[in-house]
Amino acid sequence: MKIESIEYRLSRLPLPKGTWGDQIHVVTHIEIITAHLTTDTGVVGVGLSHTSGVGGITMMSMLRELTPTLIGQEVAAVPLWHRSWQYLRDNGPGGTTTLALAAVDLAVWDALAKERQVPLADLLGRVRDRVPVYGSGINLNLSADEVVEQVRGWKADGCFAAKVKVGKPDIEEDVERLTKIREAVGMFPLMVDANQGWTYARAVQAMKRFEHLDLYWVEEPLRVDDVEGHARLRGRVGTPIGLGENVYTLQQFNQYFVNDACDFVQADLGRVGGLTPYLDIAALARAYSLPMAPHFVLELSGQVLCSVPNALCGEMTDGGTLSELGAIVPQPAQHGYFVPSDRPGLGIELATDYLNQHRVEI
């Protein structure tokens, strides 16, 4: 089975619940890049990638430049990914490079599973049938009472945990907000996300002030390229550290693991370049006894996690799942679990009309 053609589309989807706010972002749209890969046997593999609203046009240009090197090649995920990454890597080993590659890599895996008429999890080797999810809000711009109601809703829906944003100018305001949540939901597991917004000293202060709240993890307390800073921080505080949504390569993850700098691995299926590198990162994390708790794209990562032995959970981003964005035919979580579709391939069906309605012509 060989690649006959690949077609790409870029859509810019408005957030269904308005603007997202955290320490370093103001997001109004999510960009979705889709790849339709047609083989010489008539199988059509569909993959996608995403941005936080910026960079889609750059990624489309990279993919169109890459495509002539793919036409006529065997549909084999690992060699295709590594040749493609080598072709583009002078633009940077990760970032837009890997985000662009994810759309093609996932289309390849979709085609392979469809050819065998099995769901992706069965192609990879299923180890579970469902994945626990936690509720996640991009909500630093919301009032404390609004965030309390969000968390109450996730608990009532059966989520195993909740994650909220921190990073107010005054640490005591963060403490007040988190205390209200803790009082409202009891010992329900609670994570927080600082989105790389703190200095080292600020992170130490904040995490020590949060100790009485018994947080499940603090996510991205420092800039993600500061591996040594995370290692030092982890040695000074008692709360576990989660990170990975903005770490892009196997080598970068390895630096965190070697330096004992994190406790939960939140690699993003799109940002690392697709399923092929994600499986390498998950296997490496397993060697360090670290659990996988991927960022975003629940309907894709949920299928993958069913084949990952060290999977912990998926992230159900409030207003930001592919279903809520309108990118796919809805696949909502069920009573706190994501249960993948049993349809062959990645298990998703693009909402083509809506994507076309918001298509960016370039």
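Which backbone oxygen does the side chain of Thr 98 reach? The side chain of Thr 98 comes to 2.7 Å from the backbone oxygen of Arg 271. A polar contact is defined as a pair of N or O atoms within 3.5 Å; within protein, one must be able to donate a hydrogen and the other to accept it, and residues adjacent in sequence count only if both atoms are side-chain atoms. The model is predicted, and local features need pLDDT of at least 70, side-chain atom pairs count only at pLDDT 80 or more, while totals for chains, interfaces and linings use all residues. Residues are numbered from 1 along each chain as its sequence is written, and side-chain values use heavy atoms, with hydrogens and water left out.

Thr 98 belongs to helix 3, which covers residues 96–116. Helices (H or I, at least four residues) and strands (E, at least two) are DSSP runs, numbered from the N terminus. Thr 98 counts as buried because its relative accessibility is 1%; buried means under 20% relative accessible area, exposed over 50%, and partly exposed in between (1.4 Å probe, protein chains only). Leaving aside neighbours within four places in sequence, Thr 98 is in contact with Trp 85, Pro 93, Tyr 248, Gly 270, Arg 271, Val 272 and Gly 273. Contact here means heavy atoms within 4.5 Å.

Gly 273 sits in the loop between strand 11 (264–265) and helix 10 (275–287). With a relative accessible area of 0%, Gly 273 is buried. Not counting residues up to four places away in sequence, Gly 273 touches Trp 81, Thr 98, Leu 101, Ala 102 and Asp 105. The C-alpha atom of Gly 273 is separated by 12 Å from that of Gly 92, and the two glycines are 181 residues apart along the chain.

The next topic is helix 7. Which residues of helix 7 (residues 200–209) are buried? They are Tyr 200, Ala 203, Val 204, Ala 206 and Met 207. An α-helix has 3.6 residues a turn, so residues three or four places apart point the same way. The buried residues of helix 7 pack against helix 6 (171–185), strand 9 (218–219), helix 8 (227–236) and strand 10 (241–243).

Empty space comes next. Rolling a probe the size of a water molecule over the atoms shows where empty space is left. On a 1 Å grid over the protein atoms alone, a cavity is a set of points where a 1.4 Å probe fits but cannot get out, and a pocket is an open set with protein on both sides within 12 Å along at least five of seven lines; lining residues have an atom within 4 Å of a point. Grid points are joined across faces, edges and corners, and a volume is the space filled by probe spheres set on the points.

The largest pocket has a volume of about 330 Å³. Of the 18 residues lining the largest pocket, His 25, Ser 52, Asn 246, Tyr 248 and Arg 271 are the closest to its centre. Strand 5 (44–51) and helix 3 are the elements that give two or more residues to this lining. The lining of the largest pocket divides into five nonpolar, ten polar and three charged residues. In this division, Ala, Val, Leu, Ile, Met, Phe, Trp, Tyr, Cys and Pro count as nonpolar, Asp, Glu, Lys and Arg as charged, and the others, Gly among them, as polar.

How many cavities of 30 Å³ or more does the structure hold? The structure holds four. The largest cavity contains about 200 Å³ of space. Of the 18 residues that line the largest cavity, the closest to its centre are Trp 20, Ser 52, Ile 138, Glu 245 and His 295. The lining of the largest cavity has five nonpolar, six polar and seven charged residues. The second largest cavity holds about 80 Å³, and its lining includes Trp 81, Leu 101 and Asp 105. Helix 2 (77–88) and helix 3 each supply at least two residues of that lining, which has nine nonpolar, one polar and one charged residues.

Finally, the structure holds zero disulfides, a disulfide being a pair of cysteine sulfur atoms within 2.5 Å. For Cys 262, the nearest cysteine sulfur is that of Cys 313, 14 Å away. Cys 262 counts as buried because its relative accessibility is 4%.
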